[in-house]
Amino acid sequence: MDAPLPQRHDLDGRTILVTGANAGIGYWCAERLAVRGARVLLGCRSPERAQTAVDAITAQAPGAALRVIPVDLGSLDSIRGAAADVDERIDAVICNAGVKSAEKKARTHDGLDLMIGTNFLGHFALLAQIAPLLADDARVVAVGSLAHRFAHIEPDGLSASWRGSSLRQYGRSKAALMAFAFELDRRWSDTARSALCAHPGYAVDQLTASRPGLVEVPRVVRGLAALSRPFVQGKDDGAAPLIHAATAPDARGGDYWGPGGMLEFRGAPARVRASDEVRSPTTGAALWAAAEHLTGVPFPT
Ligand SMILES: NC(=O)c1ccc[n+]([C@@H]2O[C@H](COP(=O)([O-])OP(=O)(O)OC[C@H]3O[C@@H](n4cnc5c(N)ncnc54)[C@H](OP(=O)(O)O)[C@@H]3O)[C@@H](O)[C@H]2O)c1
């Protein structure tokens with residue numbers, strides 16, 4: 001077992017909710033935030049996988065303030081229960097949990113398209129119901145993707161059967177989440193709250209630091225993957241733009257952060273360009289109305 005990481009305390013007193021914190025990029029957000037002193041709420045659907053993450057974080061940050069919030073973002077009932085369960089001020093939310101591929105017929109528990117329903121509508125419903133708990137200067141970070149640039153959002157047919165590839169539908173779901181965040185930021189313009197987007201670039205497990213029960217890549221696979229390091233990065237580094245968006249003083253509402261290197265696949269956090277469509281107030285407003293209709297959850301602003 002590695003020795004614990006050097007602890008910093010620059011986020012002492014901050015409480016940050018990370019969805020999908022039991023694996024991948026969400027795990028690394030949670031670990032790095034905890035090492036910096038933040039209290040981290042881990043929004044996870046599996047208690048067992050959440051506990052593995054808690055154990056791994058605790059090994060790196062002994063005494064870390066962690067709380068598991070059981071939530072399945074593909075179930076409006078589960079989201080309602082999770083929101084009722086949270087009873088503390090939240091300073092930032094990283095909307096990270098995501099389904100990256102699916103069959104055309106795959107649906108959430110509520111019959112919504114699986115990727116739109118989980119990646120966008122699940123976060124919409126969760127944020128709407130925890131909004132009263134958000135700090136006056138809270139930040140919401142929507143985790144987007146390079147794939148949003150190849151997607152066209154159709155607010156009127158958001159959850160309808162889709163055409164084209166699973167990757168294109170994934171791009172739509174990410175574009176929808178991003179457009180929602182930019183719309184949220186516009187609706188919060190008279191407040192100190194802010195919403196912004198971030199993406200992790202091209203982040204793979206094979207280049208990620210080891211963590212027991214979470215990232216266990218055979219040595220030979222890791223060795224082969226090292227050849228791709230000039231082009232892509234590990235999920236530990238992929239977490240950096242998300243953490244920057246959630247915590248850095250120079251990150252602002254309406255920003256979009258991603259890796260600053262070649263093609264935005266890897267590198268240190270930098271401001272990057274989002275498509276005109278996800279920044280469109282017309283699209284944002286239509287999407288907002290569609291999300292309230294499909295989830296049955298009004299979003300108080
Ligand atoms: N990796 C990349 O290169 C890349 C690039 C662009 C954007 N992204 C985005 O970054 C985020 C994290 O990606 P990743 O590569 O770390 O993915 P990952 O390793 O597959 O992890 C996804 C996380 O989301 C959780 N999740 C999925 N469905 C859920 C649900 N219904 N309720 C609650 N949690 C759920 C998973 O929990 P379970 O363990 O329970 O399944 C897991 O914790 C995603 O939003 C993805 O779209 C990733």
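User: Which atom of I25 is 2.8 Å from an oxygen atom of the ligand?
Analyst: A polar backbone atom of I25. That is a polar contact, meaning a pair of N or O atoms within 3.5 Å; within protein, one must be able to donate a hydrogen and the other to accept it, and residues adjacent in sequence count only if both atoms are side-chain atoms. Bear in mind that this is a predicted model, where local features need pLDDT of at least 70, side-chain atom pairs count only at pLDDT 80 or more, and totals for chains, interfaces and linings use all residues. Residues are numbered from 1 along each chain as its sequence is written, and side-chain values use heavy atoms, with hydrogens and water left out.

User: And what do R45 and L73 do?
Analyst: R45 places a polar side-chain atom 2.8 Å from an oxygen atom of the ligand. L73 has a backbone N or O atom 2.9 Å from a nitrogen atom of the ligand.

User: How much of the ligand's accessible area does the protein cover?
Analyst: 88% of the 890 Å² that the ligand has on its own, by the Shrake-Rupley method with a 1.4 Å probe; for residues, only the protein chains shown count as cover.

User: Where does the ligand sit?
Analyst: In the largest pocket, as more than half of its atoms lie within 2 Å of the grid points. A pocket is an open set of points on a 1 Å grid over the protein atoms alone, with protein on both sides within 12 Å along at least five of seven lines; a cavity is a set where a 1.4 Å probe fits but cannot get out, and lining residues have an atom within 4 Å of a point.

User: What is the pocket's volume?
Analyst: About 1,200 Å³, taken as the space filled by probe spheres set on points joined across faces, edges and corners. Its lining has 48 residues, with N96, G98, V99, K100 and Y170 nearest the centre.

User: Switching topic: what lines the largest cavity?
Analyst: Among them are L73, G74, S75 and D110. About 30 Å³ of space lies in the largest cavity.
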